[in-house]
Amino acid sequence: MSDQPKIELRNVSKAFGSNHVLRDVSFSVTPGESMTVIGGSGSGKSVMLKCILGLMDVDGGQIFVDGADVCAMKQADRDDVRTKFGMLFQGGALFDSLPVWRNVTFALTSGRYRNSGEMRKVALDNLERVGLGEEVLELRPSELSGGMQKRVALARAIAPRPEIIFFDEPTTGLDPIRTDVINRLILELVRDLGITALTITHDMGSVEKISDRVAMLYDGRIIWSGPVGDLRRSGDVHVDQFVMGHADGPIA
Amino acid sequence: MSNTAAPNPVILFFAAIGRPVIAAFAAIGHVTLFALHTIRKALTPPWYPLRLFEQMFQIGWASLPVVALTAIFTGAALAQQIYTGGSRFNAQSTVPAIVVIAMVRELGPVLVGLMVAGRVSSAMAAEIGTMRVTEQIDAMVTLRTDPYRYLIAPRLFASVITLPILVCIANVIGIFGGYLLSIYKLGFNPANYLTMTADILEFDDIMMSLVKAAVFGFFIALSGCYAGLTTRGGAAGVGRATTNAVVGAFILILLSNLIVTLTAFG
């Protein structure tokens, strides 16, 4: 495994007006690692992912992908770097106007109608990986249940075989069995395909199942990070309260 | 005891005026940059011709019924108004000439522009705004597709291409509305009416109509796409974007109509 981190954040800060969402956030993810960031709702986890993807500009600090400072890049170069990423959005973010197969193959066709027969096969291959079949190929996202939408979104994220995948609350809204299917898939992607994964989630069961390392974001800062095995003996009262799910504690 | 001085009412008055003025200039700047950015992106591949045709169908074909109804009723009402007004100084015979000039130069483009703005700007803002708040736009970027090329440019160009076609159709239907009323109610001779219409209509009138239509088409799509892409705040935000798109398009159409008219005849 290379010593160079796949992703590295150095003192990244981001504010919306007087609301400082990220304050000097620093951490790194090594190639092939599954890192999970936990933290309360509104703690800035999704903003952090969007900053790494270049969907939002940072106010300060640096973000490195494969050693290259993406914040200092021109837009065209940043677009090239973005091809390394796949992302599963919290709500799925499927395109309402397109059938499932075109959603799944969108990155491969850049949204154009081409090689329909071949693209249907590619879509089906990826859908089967997330436990869906041919019957959903022609359906619209509005005709799917919430859980199925999530799985289609996951199939769409992995279809272009990215080097890095971000999972934004991948198991929210899924039943325990489907949650396990998604967790296993994330593990499979990381271990079998060597994909680097960065997940943000509240689901502690998923955290302990899919993560190599965990970091906790609180008050805009990474207050703890370490191997997942150390999560329950972190010695940090904020982490303990969050992991145990206690209403009483320093986190309001 | 607090030593904070009471706000000066004069300052407060100018601040109350200044804030919206500054906001208006900022908005003009943002919309201008948005338009230039879209045009710059649209000039380089990848292009989406199928998306362009889809949008031309949505904007053009789907707007035809409302445009046709607006034109025929307006043309007929215009003929009656000119006849009644003209009778005060024995100028009833000017009905064909004034109907054709008014329809082609002014009413055709403006009414079509306003009707299409109400139908299309709002739909664009609602669709793109919903995509924005449900993170579909962000998803598109992560899926290696530029939203400006995929969503905005086809709408902008489709609107600029389609509006002149719609206005041509509306002009013909509007003139036909005036013709029908003049023949069957006001007692005009059909052959004379058509001859007068053809004699008075000049190439410049048609060009002005088409130029106005293209400009209005640009502003209709620009207003709808800008409002949609800058939507914030869930369903309420989409509602605000829709309203802003229509109001913005109406103002831009009426303002640009005046500017084009003054530029041509001022």
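The model is predicted, and the points below concern an open antiparallel sheet of 4 strands, the pairings made by strand 9 of chain A with strand 3 and with strand 10, and a surface patch of negative charge.

**The open sheet**
- In chain A, 4 strands form an open sheet in the order 2-1-4-5, and their pairing is antiparallel.
- Strand 2 (19-29) and strand 5 (68-69) of chain A stand at the edges of this sheet, where each has a single partner strand, so one side of each is left without a neighbour in the sheet.
- Strand 1 (residues 7-16) and strand 4 (residues 60-65) of chain A are joined in the antiparallel sense over 5 bridges, and Glu8(A) has Phe64(A) in strand 4 as its bridge partner.

**Pairings of strand 9**
- Strand 9 (residues 213-218) of chain A runs parallel to strand 3 (residues 34-38) of chain A, with 4 bridges between them, and Ile38(A) stands opposite Met216(A) of strand 9.
- Strand 9 of chain A is also joined to strand 10 (residues 221-227) of chain A, here by 6 bridges and in an antiparallel arrangement, with Ala215(A) opposite Ser225(A) of strand 10.
- The hairpin of strands 9 and 10 of chain A has 2 residues between the strands, and Asp219(A) in this hairpin takes a positive phi near 55°.

**Negative surface patch**
- Asp125(A), Glu128(A), Glu134(A) and Glu135(A) gather on the surface in a patch of negative charge.
- Among them, Asp125(A) lies in helix 5 (residues 116-129) of chain A and is partly exposed, its relative accessible area being 49%.

Methods. Residues numbered from 1 in each chain as written. Chains lettered and ligands numbered in written order. Predicted model: local features only at pLDDT ≥ 70, side-chain atom pairs only at ≥ 80, totals over all residues. Heavy atoms only, no water. Pairing = 2+ DSSP bridges. Patch = residues over 30% accessible without salt bridge, like charges linked within 9 Å, V, L, I, M, F, W, Y side chains within 5 Å. Areas by Shrake-Rupley, 256 points an atom, 1.4 Å probe, with all protein chains shown as cover. Salt bridge = Lys/Arg side-chain N within 4 Å of Asp/Glu carboxyl O. Lys, Arg positive; Asp, Glu negative; His and termini not counted. Charge placed at Lys NZ, Arg CZ, Asp CG, Glu CD. Buried < 20%, exposed > 50% of the residue type's maximum accessible area, 1.4 Å probe, protein only.
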